[in-house]
Amino acid sequence: MSGPKWHTIMYGLALNGDGWTEGSLWSDRGEHNSTQCGRFECFQCGNVYRWKGNLMAHLRVECGKEPNQHCPYCPQRFKHKSHLKRHFLRLHPEHRWPNK
């Protein structure tokens, strides 16, 4: 991406030389936009999301993080509990998924 040092990448957040700064809901063209739907790009890996909440979840759980969910019956690891459960039910059907 090219542009000035202060460039709004997604609505509500702006990137400057020091990192992300909270801002008002303005697009990168300076137009006001009150919706949370648009093009939200991760500044670390470049993944693009339609919804701001999905980008925030990506930053909180996935981006640059090691998988923290692990299968108790094999060395497989996952970043999402739902992926672990799917793996568990498909590959270890002889065991029971723990209902907590």
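Visitor: To start with, are Phe-88 and Trp-97 buried or exposed?

Guide: Happy to take you there. Both are buried, Phe-88 as well as Trp-97. Please keep in mind throughout that this is a predicted model.

Let's begin with the rings. The structure holds 2 aromatic pairs. One of them joins Tyr-73 and Phe-88 in a tilted arrangement, with 5.7 Å from centre to centre and 45° between the planes. Tyr-73 sits in the loop between strand 6 and strand 7 (77-78), while Phe-88 belongs to helix 2 (residues 81-91), so this pair ties together parts that are 15 residues apart in sequence. Phe-88 has a relative accessibility of 2%, and therefore counts as buried. Taken together, Tyr-73, Phe-88 and Trp-97 make up one aromatic cluster.

Now for the setting. UniProt, in an unreviewed entry, places the feature "domain: C2H2-type" at residues 40-67 and 69-97. The span 69-97 is 38% helix and 14% strand, with its end C-alpha atoms 14 Å apart. For residues 40-67 the figures are 39% helix and 21% strand, and there the end C-alpha atoms are 23 Å apart.

Between helix 1 (52-62) and strand 6 (69-70) runs a loop, and Pro-67 is found in it. Beyond its neighbours within four places in sequence, Pro-67 is in contact with Arg-77, Phe-78 and Lys-79. From the C-alpha of Pro-67 to that of Lys-81 the distance is 9.9 Å, for a separation of 14 residues in sequence.

Helix 1 deserves a stop too, as it carries His-58. This histidine is buried, with a relative accessible area of 4%. Setting aside neighbours within four places in sequence, His-58 is in contact with Cys-42, Cys-45, Asn-47, Tyr-49 and Cys-63.

Those cysteines raise the matter of disulfides, and the count is 0. For Cys-63, the closest cysteine sulfur is that of Cys-42, at 3.7 Å; a disulfide needs the sulfurs within 2.5 Å, so this is too far for a bond. Cys-71 has its closest cysteine sulfur in Cys-74, at 3.6 Å, which is also too far for a bond. Cys-63 counts as buried at 10% relative accessibility, and Cys-71 is buried with a relative accessible area of 4%.

Finally, let's step back to the whole chain. The protein has 2 helices and 7 strands, arranged along the sequence as β-β-β-β-β-α-β-β-α. Of its 100 residues, 27% are buried. Among contacts with a separation of 6 or more, 12% link residues 24 or more positions apart. The accessible surface comes to about 7,400 Å², and carbon and sulfur atoms account for 50% of that surface.

How values were computed. Residues are numbered from 1 along each chain as its sequence is written. This is a predicted model: local features need pLDDT of at least 70, side-chain atom pairs count only at pLDDT 80 or more; totals for chains, interfaces and linings use all residues. Side-chain values use heavy atoms; hydrogens and water are left out. UniProt positions are given in the numbering used here, feature names are shortened, and annotations may be inferred rather than shown by experiment. Helices (H or I, at least four residues) and strands (E, at least two) are DSSP runs, numbered from the N terminus. Buried means under 20% relative accessible area, exposed over 50%, partly exposed in between (1.4 Å probe, protein chains only). Contact means heavy atoms within 4.5 Å. Accessible areas come from the Shrake-Rupley method with a 1.4 Å probe; for residues, only the protein chains shown count as cover. Rings of Phe, Tyr and Trp (its six-membered ring) pair if their centres lie within 6.5 Å; planes under 30 degrees apart count as stacked, over 60 as edge-to-face and the rest as tilted.
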